[in-house]
Amino acid sequence: MRRGFRSGRLAVRPSSSPLAWAAALCLLAACQRTAPLPTRDVHDTAPGADARRIEADVRFLADDLLEGRETGTRGYDLAALYVAQRLRAIGLQPAGDDGGYFQRVPLLRAQRVDGGGSLIVHRPGATVALKYREQFLPQLDFDRSQARVAAPAVFVGQAVHAPELDYDDFAGLDLRGKIAVLLHGAPARFDIDRRAFYSSMQEKFAALVARGAVGAVIVASEDEEQRQPWARSAQNWARPGMRLRGADGRALDTFPQLQVVASVCAAAAPLLLDAGGRSARQVFRDAREESLRGYDLPGTLELSSLTRIAPMQSRNVVARRPGADPALAREHVLFSAHLDHVGIGAPVRGDAIYNGALDNALGVAILLEAAQQLARAPSPPQRSLLFLAATGEEKGLLGAHPSVARDSIVANINMDMPVLLTPTRDAVPVGVEHSSLQATLERAAGEVGLRLSPDPSPEESVFVRSDQYAFIRAGIPAVYLTGGIQAQAAGTDGRAVLREFLRERYHQPGDDVSQPIQYADAARLARLNARIGQRIADDPERPRWNRGDFFAERFARPTTAAAAKTAAP
């Protein structure tokens, strides 16, 4: 495995001569007397200094020394300490617990026990047990260490009920006391927002529980496994998961009514779905053609899981620049970037450290550079600025709960996994079209000299997969900024560069600093971040949801919902 640092000790042996010691002390004193004290600001403003600062931060945060920065590990704590000291050096105020830069995040950690689970299909005249890891895996259970359920099963398509679109996968099906078998995703004909929303497993599980299901089996499709092979994800079967821990010690935001949830690979789908004249092949074809129909499955399914559960604690890093306006200073513009990655996992070509250079050491480094620019801005912001390096994003957006009151946050600018591997002319602001932030961002991009491109992969539903979605769900307008796709070099396809990274190095050890990271582009993205934040902070009006916006109707707070009525369409 690679090492970016080698630590050692410099041995100094004292001389036996007192005269030698005296001479050395005199020399040291002379050096101290003659060393000039700084008389001016030593901040480096030379061309390219911002890119060099970002590179230095990335090289530390993505070094093997930090072992992939998994939440709750020593490597993550080292990263948090580093970021806290960088924010201190920039001159920002601590905004965490007890007057410090750290905010405690209590968690529960769950981990599978090898072989500690089963998925058995009981059909008339035949019983088939799927193979652990090779064909199925039980999902982590944060509510009980050991669980078992046996019940009839029902295939429920993608488990989507969208009444506003007159769409219901559950029509004519009875789930009471049964195990739901479902696919990921949502119909491609849905608009981008609804497709992202209804693809969320949180929404699917809530729909299953509301209809009385007692368990669930999620079947991977052939199309999914072309993008993310089952074997690649299953090889990290032992990787722990986490949930927020409440004051009573129990996990928050879980669905204990689903006694066991399991995932099954596409190759094993026929063992579950081939029944009554139906087949897995037909189901996958119907999913592509958007003609899925649910149906009862014969016999019963028997599921079990075995999980180790233990309390643990991680921490966010939070800093603040106070606003200058006495009234507006009580409000915050929140900059966020998740600091965690996925840690140590199955070796790939002999390397087991998943460094997370782009995901999201680079995002954190861009946040730090934006913070530095805003801290040094000649005119202070009218609203306060809050900077959050969050834990637990890779475990389910667990750290997106900053230390200030949520109703004081007027907007969130999130930076996650900017794939900057070829020089580009643009940036991608995912989700900006939902609010008045779009106009703000367009003006800021013009000032920085950046073009803006739409989300190149809306089918991936990334808007619900990073920390900004936790703030969206709290009714806070947000934008998720990421790298551009318009390559500067003729003949280079920026979309192809992005796809190649996602296919080969996303959540793999290859996401390290050996990649051709474009630090000049990262510096430009930091300038855009800073300009957006300054504009929001100085605007007398809070950002507003657009009238009739899907997420506004779902999540807007009463104050922002009222404001949305007067927002531009």
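Visitor: At what angle do helix α2 and helix α3 pack?
Guide: In this predicted model, α2 (residues 49-61) and α3 (residues 74-90) pack at about 155 degrees, with axes 10 Å apart. Axes are lines fitted to C-alpha atoms over the stretch in contact, and angles run from 0 to 180 degrees between N-to-C directions. Helices are DSSP runs of H or I with at least four residues, and strands are E runs of at least two, numbered from the N terminus.

Visitor: Roughly parallel or antiparallel, then?
Guide: Roughly antiparallel, a label for angles over 145 degrees.

Visitor: Which residues make the contact?
Guide: Ala-56, Asp-57, Phe-60 and Leu-61 of α2 meet Leu-78, Ala-79, Tyr-82, Val-83 and Arg-86 of α3. Contact means heavy atoms within 4.5 Å. By class, seven are nonpolar, two are charged and none is polar.

Visitor: Switching topic, what is the mean pLDDT of the chain?
Guide: The mean is 90, and 90% of residues reach 70 or more; pLDDT is the predictor's confidence in each residue, from 0 to 100.

Visitor: Where does pLDDT stay under 50?
Guide: Residues 1-41 are one such stretch, with 22 contacts beyond four places in sequence. Residues 560-569 are also below 50, with 16 contacts beyond near neighbours in sequence. Where pLDDT is low, the predicted coordinates should not be read in detail.

Technical notes
Residues are numbered from 1 along each chain as its sequence is written. This is a predicted model: local features need pLDDT of at least 70, side-chain atom pairs count only at pLDDT 80 or more; totals for chains, interfaces and linings use all residues. Side-chain values use heavy atoms; hydrogens and water are left out. Angles under 35 degrees count as roughly parallel, over 145 as roughly antiparallel, 65 to 115 as roughly perpendicular and the rest as oblique. Ala, Val, Leu, Ile, Met, Phe, Trp, Tyr, Cys and Pro count as nonpolar, Asp, Glu, Lys and Arg as charged, and the others, Gly among them, as polar.
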